[in-house]
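Dear colleague,

I am passing on the structure we spoke about, and I would be glad if you could look through it alongside the notes that follow.

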Amino acid sequence: MEKVVVPSVTLIVGCGVSSLTLLMLIIIYVSVWRYIRSERSVILINFCLSIISSNALILIGQTQTRNKVVCTLVAAFLHFFFLSSFCWVLTEAWQSYMAVTGRLRNRLIRKRFLCLGWGLPALVVAISVGFTKAKGYSTMNYCWLSLEGGLLYAFVGPAAAVVLVNMAIGILVFNRLVSKDGIADKKLKERAG
C-alpha cells in the first residue's frame with residue numbers, strides 16, 4: 001500500500017488564511033474600482049491572483065506524486081506562479097520608479113507590465129520544460145523542481161535576479177525622493193510619495 005503524503009496543518013492554515021485575505025482584498029478593490037483605478041491597483045490584483053493560484057496548487061496538487069503527468073503539470077504551474085509573483089513585485093518597483101521620474105504612459109505601460117508579470121515567467125517555464133523535456137518537474141515526495149539536473153536553478157536564478165533588480169530600483173527611487181532637486185513638481189512628488 002502506497003503512503004499518501006498530505007500537506008501539514010500549518011501549510012493548510014497558512015495557505016488558507018493567505019488566500020482568504022487576498023481574496024477579500026481583491027473583492028474590496030473590485031467593489032471600489034471606479035475610485036481607485038490605477039496602474040498600481042492592476043499590479044496589486046495580478047500579484048494577488050498569482051499568490052492565490054500558487055496557494056491553491058500547493059494545497060491541491062503538490063502531493064499528487066502518484067500520477068506523473070499531474071505532478072509534472074502541478075510543478076510547472078507552481079514554477080510559473082511563483083516566478084510571476086516575483087515578477088509582479090518587480091513590476092511594482094518599475095511602476096514606482098516611473099512614478100518618481102514622471103514617465104507614466106498608461107496604455108503602453110500596462111501592456112509592458114502584463115508582459116513582465118505573466119509573460120516573462122511563462123517564457124522561463126516554457127524554456128525550462130523544453131530543455132529538460134519536463135524531466136525534473138517532480139521529486140519523490142512533492143510536485144516541485146528537482147535538485148537533480150539543476151532544474152531548481154530555473155527558479156532560483158530568475159528569482160535572485162528579480163530581487164537584485166528590485167534592490168537597485170529601490171535605491172534609485174529612494175535617492176530620487178530624498179535628493180534636493182529630485183522632484184520639483186509638488187503634485188508629482190505627492191503622487192510618488
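Rings of Phe, Tyr and Trp (its six-membered ring) are taken as a pair if their centres lie within 6.5 Å, with planes under 30 degrees apart counted as stacked, over 60 as edge-to-face and the rest as tilted. On that basis the structure holds 10 aromatic pairs. In one of them, the ring centres of Phe80 and Phe81 are 5.0 Å apart and the planes stand at 65 degrees, so this pair is edge-to-face. Phe81 also forms an edge-to-face pair with Trp118, at 6.3 Å centre to centre and 90 degrees between the planes. Because Phe81 lies in helix α4 (residues 68-101) and Trp118 in helix α5 (residues 106-132), this pair ties together parts that are 37 residues apart in sequence; helices here are DSSP runs of H or I with at least four residues, numbered from the N terminus. Phe77, Phe80, Phe81, Trp88 and Trp118 form one aromatic cluster.

As to accessibility, buried means under 20% relative accessible area, exposed over 50% and partly exposed in between (1.4 Å probe, protein chains only). Phe80 is buried at 14%, Phe81 is likewise buried at 14%, and Trp118, at 22%, is partly exposed.

The unreviewed UniProt entry lists residues 73-91 among its entries for "transmembrane region", an annotation that may be inferred rather than shown by experiment. Over residues 73-91 the chain is 100% helix, with the end C-alpha atoms 26 Å apart.

Please bear in mind that this is a predicted model, in which local features need pLDDT of at least 70 and side-chain atom pairs count only at pLDDT 80 or more, while totals for chains, interfaces and linings use all residues. Residues are numbered from 1 along each chain as its sequence is written, and side-chain values use heavy atoms, with hydrogens and water left out.

Best regards

Methods. Helices (H or I, at least four residues) and strands (E, at least two) are DSSP runs, numbered from the N terminus.
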